Amino acid sequence: MKILIKNGRLIDPKNNIDAMRDVYIAAGKIVAIGAAPAGFTANRTIDASGKIVCPGLVDLSARLREPGFEYIATLESEMDAACAGGVTSLACPPDTDPPLDEPGLVEMLKYRARTLNKARVYPIGALTAGLKGSQLTEMAELRDAGCVAFSHADVPLTDNQVLFYAMQYAATFNIPVWLRPQDASLARNGVAHDGQVATRLGLPSIPVCAETTALATILLLARETGARVHLCRLSSAEAINMVRRARHDGATVTCDVAVHHLHLSEMDIGYFDPHCHLIPPLRSQRDRDALRRGLADHTVDAVCSDHCPVDDDAKQLPFSESEPGATGLELLLPLTLKWAEEDHVTLPTALARITRDAANILGIDAGHLSVGADADLCVFDAERYWKVEPSSLLSQGKNTPYSGLELKGRVTHTLVGGQVAYEAK
Amino acid sequence: MWLNPRNPQLNKNGELHHLLSLEGLPVEILRQILDTANSFVGVTQRDVKKVPLLRGKAVFNIFFEASTRTRTTFEIAAKRLSADVINLAINVSSTSKGESVLDTVANLSAMQADMFIVRHAASGAPHLIAKHVGPDIHVINAGDGRHSHPTQGLLDVFAIRHYKKDFTNLRVAIVGDILHSRVARSQIHALTTLGCPEIRVIGPRTLIPAEIRGLGVHVYHDMREGLKDVDVVSMLRLQNERMKGALLASGQEFYKYYGLNDEKLALAKPDAIVLHPGPMNRGVEIDSSVADGKQSVILPQVSFGIAIRMAVMSIVAGN
């Protein structure tokens, strides 16, 4: 299958290209950019006039709910959602049932994902067996089975000795450890930011110090152990400042934020809207603005969808009893574009945060359109407005705080390995 | 949608449809409730205590959390309005069988309920129920988590108005566990809406929420300083379990620093009144000599509570 994508504005942050270039694809690879290679006859031509052609998006956190929670979402539904959102590579956290703590589970997940022929799935392995926080997993074996990093998802890891050993062990094999900083005891029973909304609504709260004390511990342990640490979904201005200072002092940690936290704050909880019950909690507007600035100045390396499909019954409960999370795969691109437009960030910089930079954190060869690379790419209309309607999302998780919102930027084509994995009707 | 999205307790004409919280209620509605309650105080003191305003209506007391006083006063209020009252203590029936709040409510709606009086341990549960009931059903919050207890807040301001006549020159101190108190939040919203110029909250730092100043109150950690020259002292109940955790050292120490006794009360204005939502912990937050003293209005509060609940039920049923 040979595909020509012509007349599009090609933006490839990694190769520093932002120009009108045609893309030539054959046998799953990009064979030429710009001029046609000798003897190239396309079986299919995609006219990208007025559209942007960019590397397929790389998402650092998407829950697929498999194995174990197929009633909430299946690999099929979520991979369709990924492709509809232009996402061609995604990392999935290990908090499945059972957790991703054995090579067999990881191989099965990789195999299931491969047979669907949609986005590429990069499992994050469990740092401890069963995510129980005591026994280390066979990280090297799991890496060989396909895990790109290890984390504890959102399950508290309360024993710092175990964390210390886990980081040392991972460092032995140069395996990355991904951690979302949150002190479990300071966050105990909390469901919302310890701010004016939780005070008014009487919601049990999670103070910023729950994030920053854990972050301080992780930064010190990272220095001590030499582990490659990536910090997931930071939520507070103070955490961003701490990362900035640590980097200044020579730390090599990376970090990401969830796209929801760029746009929402505690105020959006309104009258107990369970769709704004997220992990970490939505914090103040000041925190939100600091995350936005951090992403622009590259203190924050990447932005992820933090895709969490939740079924309707689990959201139709009082706020504190509702299940946290929001659907995100189909909204990552338009919400990133919205941030860029509002904060005057250039399109190539914005796209870098969801392609090149995310791929660097994952340590995978993706997120660029070099000749010879896998033809994973996304064509989108940056000017097209559309309204978020839960029922029209492909994800089985219809849980979104953005219901009814008009967003700009819609994917028209997604290619994975040179195959059209999604095409807008 | 028949409800106002900006304020889900009001209908599209701006009238009270549900009573979920006192936050954001217009002062006219607060005054309407207080004035209506005033007219019911007479009824409750008559020989024949019933009026026919809710005749033929079915009022369901659905209590997902235990309560004696609030449930009883709602029941009395509904009966005095001639309604049929059905009491359900859900904590011991359906939810233990795994039924969700909304399923319980849907089932009761199918039994032709006209009004739900809801108590729940989770903040916001009455909002959730109000969002899902049919347009002819009214929801009244009888206490949700730490969020709101609007009829308690109303009866407290009713008592204050009864004894002090006017709100615009009052200093009110609310003392104790503000963090977990739906009563404190309701009092603060009612008092600020009615024009009370100075509200103080008094308690140890562990029991004062982070952003309480945003509600327009002054924070004191020294009770003697906080009680100085106040017109009203509202004591809050300290739940027994709070004395065991890490928020407080002991009941004795709490009483020493934040309990109300005659000596501390003497720092308030000589004609200051003392409120307590009950049930009281004598010797923990309040001394018996104050609770039973001449400045205490704790028992009149209970009678006013019936009038307030009659007023709220008759007003929402009429809108």
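How many salt bridges does the rule find across the interface of domain 1 of chain B and domain 2 of chain B? Before I come to that, let me say that what we are looking at is a predicted model, and that chain B is divided into domain 1, made of 3-148 + 303-318, and domain 2, which covers 150-298.

Taken over C-alpha atoms, the centres of these two domains of chain B are separated by 25 Å, and the contact between them takes 34 residues from domain 1 and 25 residues from domain 2. The area buried between the two domains is about 2,400 Å², with carbon and sulfur atoms giving 68% of that figure. On the side of domain 1, the residues that lose the most area to domain 2 are B:L22, B:R146 and B:F304, which together account for 30% of what that side buries.

Now, to return to the opening question, the rule finds two salt bridges across this interface. I would also point you to B:R161, which forms a salt bridge with B:D35, where the closest N and O atoms are 2.9 Å apart.

Turning to the elements behind the domain 1 side, at least two residues each are supplied by α1 (27-44), α2 (69-80), β5 (115-120), β6 (138-144) and α11 (298-318) of chain B, and α1(B) gives the most, with nine residues. By residue class, the side of domain 1 that touches domain 2 divides into 16 nonpolar, nine polar and nine charged residues.

Note on methods. Residues are numbered from 1 along each chain as its sequence is written. Chains are lettered from A and ligands numbered from 1 in the order in which they are written. This is a predicted model: local features need pLDDT of at least 70, side-chain atom pairs count only at pLDDT 80 or more; totals for chains, interfaces and linings use all residues. Side-chain values use heavy atoms; hydrogens and water are left out. Domain bounds come from an automatic or database domain assignment. Contact means heavy atoms within 4.5 Å. Buried area is the accessible area (1.4 Å probe) that two parts lose on being put together, summed over both. A salt bridge is a side-chain nitrogen of Lys or Arg within 4 Å of a carboxyl oxygen of Asp or Glu. Helices (H or I, at least four residues) and strands (E, at least two) are DSSP runs, numbered from the N terminus. Ala, Val, Leu, Ile, Met, Phe, Trp, Tyr, Cys and Pro count as nonpolar, Asp, Glu, Lys and Arg as charged, and the others, Gly among them, as polar.
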